[in-house]
Amino acid sequence: MATTMAFVRLVKDLIRDKETGRRWVPIVPDEARTFGMESLFPSLGIYSPKGQTYEPVDRDQLMYYKEAKNGQILNEGITEAGSMADFIAASTAYSTHGEAMIPFYIFYSMFGWQRTADQMWQLGDQLGRGFLVGATAGRTTLTGEGLQHADGHSPVIAATNPAALTYDPAFAYEVAAIVKEGLRRMYGEAAEGEDRDVFYYLTVYNEPMPQPAKPAGIDEGIVKGLYRFNTAESAGVDLPANPSRIQLLSSGTAIHWALEAQKLLAAEWGVAADVWSATSWTELRRDALEADAALLRGEERIPYVREALAGAEGPVLAVSDYMRQVPDQIAQWVEQDWSSLGADGFGLSDTRDAARRHFGVDAQSIVVAALAQLARRGEVQASAVKEARERYGL
């Protein structure tokens, strides 16, 4: 399934909770069916002060657009500004009305920070709490309608907002872990010195992909922004004795390209690649900045990203469905040789595969970039890079 659907199914389960379910405020600007939210219509209804005053065109469907005076979903039509106004009102209800609400506003990621970043700054300034969800995220995942959906930069804009915690989860279990942590931090028992007045920005994708079971012991890594998803050995690929090794860091849907590249590197080039899920480049950077500030105060502190990658052999190659500036946020704190791939420039209308080839982020492009890094270190023959380019038609 797509991670967009995983998020909606998660919230659908949480809204059923007898004690807290009524506090959820689903907000959507018009395209609820695109996000799979029609499953919420029968049980929650769409709020309308006058109730259902028309017969919807989908009336013959089980999950039709059901409006009601006591509806819980706020469907504002095509107005991102209006939806953000709803979100700000709900996210600050804990202080203005003494009633904590849990809003989640789901939108095409290109139409959030790009259009209403000033309201998101206002949201942080008013100490609002909740979940912003940028769906159909990434520059290459929804390319059929052209530039209007090709989001390669929302995490860059989000990183400028001190109150926004930005995550780019790859798998459904990561979405669940982040939402659980967000509920604890914003509405539950915050740790000493922890700022509760934050909001979360999650990017989720419309691409149906395999959703693996959650490995044990990775919750801390998910929340902090990085954990090793697998090694070349645990992935079960065939390798020669003492192979060259590289670390592939990827976020969101890009992890699937990295996993494919892992297989190609082993099968065709005898290279071992370990794959890491970078759930939040921005949170990794903020932690590193805090570590730098601590050092200037005379305190010994190691950035989490450096601690996580300690002992990881070979160079690091980072890849995402966003411009390279997104993963490059952490480059200066990575001790290994660093390189990155991303979707810089304008998008284009084409298939996902063609768009990824165009931007040089598909599995074959990752393989060539990995071989180039290893060749610079003298760990593979330089001729392998040229051979790979020709073999893959790059």
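Which residue in E11 is the bridge partner of Arg228? In E11, that partner is Trp276. The model is a predicted one, so to speak of local features a pLDDT of at least 70 is needed, side-chain atom pairs count only at pLDDT 80 or more, and totals for chains, interfaces and linings use all residues. Residues are numbered from 1 along each chain as its sequence is written, and side-chain values use heavy atoms, with hydrogens and water left out.

Strands here are DSSP runs of E with at least two residues, helices are runs of H or I with at least four, and both are numbered from the N terminus. Two strands are taken to pair if DSSP finds at least two bridges between them. In general, strands of a sheet pair through backbone hydrogen bonds, either parallel or antiparallel.

Zooming out, E9 and E11 sit in an open sheet of five strands, ordered E9-E11-E10-E12-E13, with mixed pairing. Strand E9 (227–230) and strand E13 (338–341) take the edges; each has a single partner strand, so one side of each lacks a neighbour in the sheet. From one strand to the next, the twist averages 30 degrees. H9 packs on this sheet and touches E9, strand E10 (245–250), E11 and strand E12 (316–319), its direction making about 170 degrees with that of E11. Contact here means heavy atoms within 4.5 Å; axes are lines fitted to C-alpha atoms, for helices over the stretch in contact, and angles run from 0 to 180 degrees between N-to-C directions.

As for the helix itself, H9 (residues 254–269) has 16 residues and spans 21 Å from first C-alpha to last, close to the expected 22 Å, where the expectation is 1.5 Å times one less than the number of residues. H9 is mostly covered, with 12 of its 16 residues buried; buried means under 20% relative accessible area, exposed over 50%, and partly exposed in between (1.4 Å probe, protein chains only). Among the buried residues are Trp257, Gln262 and Trp269. After H9 comes Gly270, with a positive phi near 65 degrees.

The loop between E12 and E13 holds Ser320, which is buried at a relative accessible area of 0%.

Turning to charge, side chains of opposite charge can pair when their charged atoms come close. With a salt bridge defined as a side-chain nitrogen of Lys or Arg within 4 Å of a carboxyl oxygen of Asp or Glu, the count comes to 23. One network links Glu181, Arg184, Arg185 and Glu194. Within this group, Glu194 and Arg185 meet at 4.0 Å, N to O; Glu194 is partly exposed at 23% relative accessibility, whereas Arg185 is buried at 16%. Elsewhere, Arg357 bridges to Asp362 with the closest N and O atoms 2.7 Å apart, and here Arg357 is partly exposed at 29% while Asp362 is buried at 8%. Arg391 and Glu387 also meet at 2.7 Å, N to O. These two lie four residues apart in helix H14 (residues 382–392), so about one helical turn separates Arg391 from Glu387. Arg391 is partly exposed at 43%, as is Glu387 at 38%.
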